[in-house]
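I opened my notebook to look up a few things in one protein model.

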Amino acid sequence: MIEIEEKQLATHIDKVINEMLSENQAKLFSYTKKINKPSIYSFLQLAGDRKLSRSFWSSNSNDITILGAGQAVTIQADGQRYQSIENQWNELLKKAVIHNPFEKQGTGIVGLGGFAFDPKKESTSLWRNFPDGQLTIPQIMVTNVDNEFYLTFNMYLHTNDHGFQLMEEYQEIESYLLGKSNFSGKDVKMIEKKEVDPQQWMQTVQKATEEMKTSITNKIVLAREIRLRFDKRADIPSIIRKLVETQSNSYIFAYEIDNDCFVGATPERLVKVEGNKLFSTCLAGTAPRGETTKEDQKIAEELFTDPKNRKEHEYVVQMIRKAVERYCTDVDIPSEPQVYMYKTLQHLYTPVTAKLMNSNSIFSILEELHPTPALGGTPRKESMSFIRKNEQLDRGWYGAPIGWIDSNNNGEFAVAIRSAMIQETEASLFAGCGIVADSDPVSEYEETNIKLMPMLSVLGG
């Protein structure tokens with residue numbers, strides 16, 4: 001890989017374009033350089049002012065943050081969605097010209113995006129802009145990894161383009177997005193909060209418990225929605241900043257299409273890949289935080305010894321073990337969970353590590369793992385059938401994989417829970433819980449209220 005001085009870029013781009021003439025096809029050109037620390041929220045604010053679609057990712061360990069503006073290329077699922085996205089991604093990389101001397105994870109060509117929870121469920125207008133699966137390669141991207149900052153710009157070259165003109169355009173965008181640091185957050189005031197059919201949701205919970213008493217289904221996860229209305233258009237950078245500041249140990253994500261933005265703070269990793277190293281997480285079983293350390297410990301002990309939560313957690317552990325063993329070697333899963341504490345909640349948590357076998361990809365793992373029993377239920381086929389027939393909610397991308405993959409085969413996807421669909425002056429918030437045969441509808445309803453807290457807290461609720 002050749003490092004090119006910026007002053008030589010325009011000439012090099014023209015050379016690539018001339019080579020393309022003989023091939024008669026467009027190519028993606030990507031260039032990465034090291035930069036000084038930018039103002040992350042100013043970048044996002046200015047991108048919005050410029051009408052550039054925005055994407056954001058911050059890992060729960062804060063080891064990597066990615067923010068993107070604009071769309072150089074968008075890949076949408078067609079048919080078998082995971083395989084379709086993977087095929088298009090690999091084909092794109094084959095033809096791409098990449099200049100990235102650093103090769104840090106999250107640099108170079110990076111696709112950010114996600115998938116719908118259930119493509120077989122009829123979609124509503126709430127998710128009109130979000131397809132069954134999509135990855136976006138941003139025009140301009142900033143990555144913070146190992147406490148260093150990198151800027152990548154991506155441009156899709158056509159045979160009638162000119163290098164110097166393209167460079168001027170991208171340098172102008174770069175200067176605009178990185179040239180100011182006076183971020184001014186804009187808080188919104190919630191003026192209406194509406195629960196969507198809570199009584200019907202509890203009736204569905206009751207129906208699920210009755211279903212499990214007479215069938216092979218062991219667990220069914222049911223989600224519900226609340227709607228918010230604000231006094232003015234929600235400010236996405238301000239929401240992201242509040243989530244980063246208040247939801248430590250969570251994955252913070254935002255993905256914008258047109259004027260709709262799916263944003264959240266999820267504690268649940270689905271899968272991470274670094275080279276051939278694979279990491280996953282079993283997260284199921286939820287309790288609130290206490291007011292004091294002593295109360296925290298008491299609640300944690302009750303969570304750890306509670307039969308319902310331990311059973312629910314074990315479903316997830318066994319499912320992930322089975323899925324990972326199909327594609328990996330050296331699988332390591334502790335025999336017992338631990339209690340992991342987040343800002344407002346605590347969960348039963350079991351880490352998973354493994355070695356990815358050759359020819360397998362993160363997309364293969366995504367397809368195998370989603371939906372986990374923590375979001376669908378067990379057995380998968382029967383629980384998903386019940387959800388599809390009885391749940392009133394259009395989950396869209398809620399509860400599904402969301403994350404990123406780079407051109408060096410690194411990537412990470414989380415489960416998009418604790419999330420909201422923001423549509424200008426309105427928002428839909430989502431939360432769910434695992435229903436088993438002896439579940440109490442009122443108790444399960446209260447559990448969803450606890451899970452709604454992280455997003456409500458940053459949206460004025």
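A cavity here is a set of grid points where a 1.4 Å probe fits but cannot get out. I keep in mind that the model is predicted.

**Entry 1: cavities**

How many cavities of 30 Å³ or more are there? I find four by this rule. I then turn to the largest cavity. The space in it is about 170 Å³.

Which residues lie nearest the centre of the largest cavity? I note E268, A374, I417, R418 and K451, out of a lining of 17 residues. Next I look up the elements behind this lining. Two or more residues come from β15 (277-288), and also from β23 (426-435). With four residues, β15 gives the most to the lining.

I also sort the lining of the largest cavity by class. I get nine nonpolar residues, four polar ones and four charged ones.

**Entry 2: two helices**

I pick helix α2 (residues 40-49) and helix α4 (residues 163-178). The two pack with their axes 8 Å apart, at an angle of about 125 degrees. Because of that angle, α2 is oblique to α4.

Which residues meet where α2 packs on α4? From α2 I write down F43, L46, A47 and D49. From α4 I write down Y176, L177 and L178. By class, this contact has six nonpolar residues, no polar residue and one charged residue.

**Entry 3: T372**

I look up T372 next. T372 sits in the loop between α9 (362-369) and β19 (377-378).

Is T372 buried or exposed? Its relative accessibility is 4%, so T372 counts as buried. The cut-off for buried is under 20%.

I set aside its neighbours within four places in sequence and list the contacts. T372 is then in contact with E268, L270, M319 and G377.

**Entry 4: V110**

V110 is found in strand β6, which covers residues 110-115. V110 counts as buried because its relative accessibility is 0%.

What does V110 touch, leaving aside its neighbours within four places in sequence? I list I66, W89, T136, I137, P138 and M141 among its contacts. W404, I405 and D406 are also in contact with V110.

V110 and T152 are 42 residues apart along the chain. Their C-alpha atoms are separated by 9.2 Å.

Terms used
Residues numbered from 1 in each chain as written. Predicted model: local features only at pLDDT ≥ 70, side-chain atom pairs only at ≥ 80, totals over all residues. Heavy atoms only, no water. 1 Å grid on protein atoms, 1.4 Å probe; cavity = no way out; pocket = protein on both sides within 12 Å on 5 of 7 lines; lining within 4 Å. Points joined across faces, edges and corners; volume = space filled by probe spheres on them. Nonpolar A, V, L, I, M, F, W, Y, C, P; charged D, E, K, R; others polar. Axes fitted to C-alpha atoms, helices over the stretch in contact; angles between N-to-C directions. Parallel < 35°, antiparallel > 145°, perpendicular 65-115°, else oblique. Contact = heavy atoms within 4.5 Å. Buried < 20%, exposed > 50% of the residue type's maximum accessible area, 1.4 Å probe, protein only.
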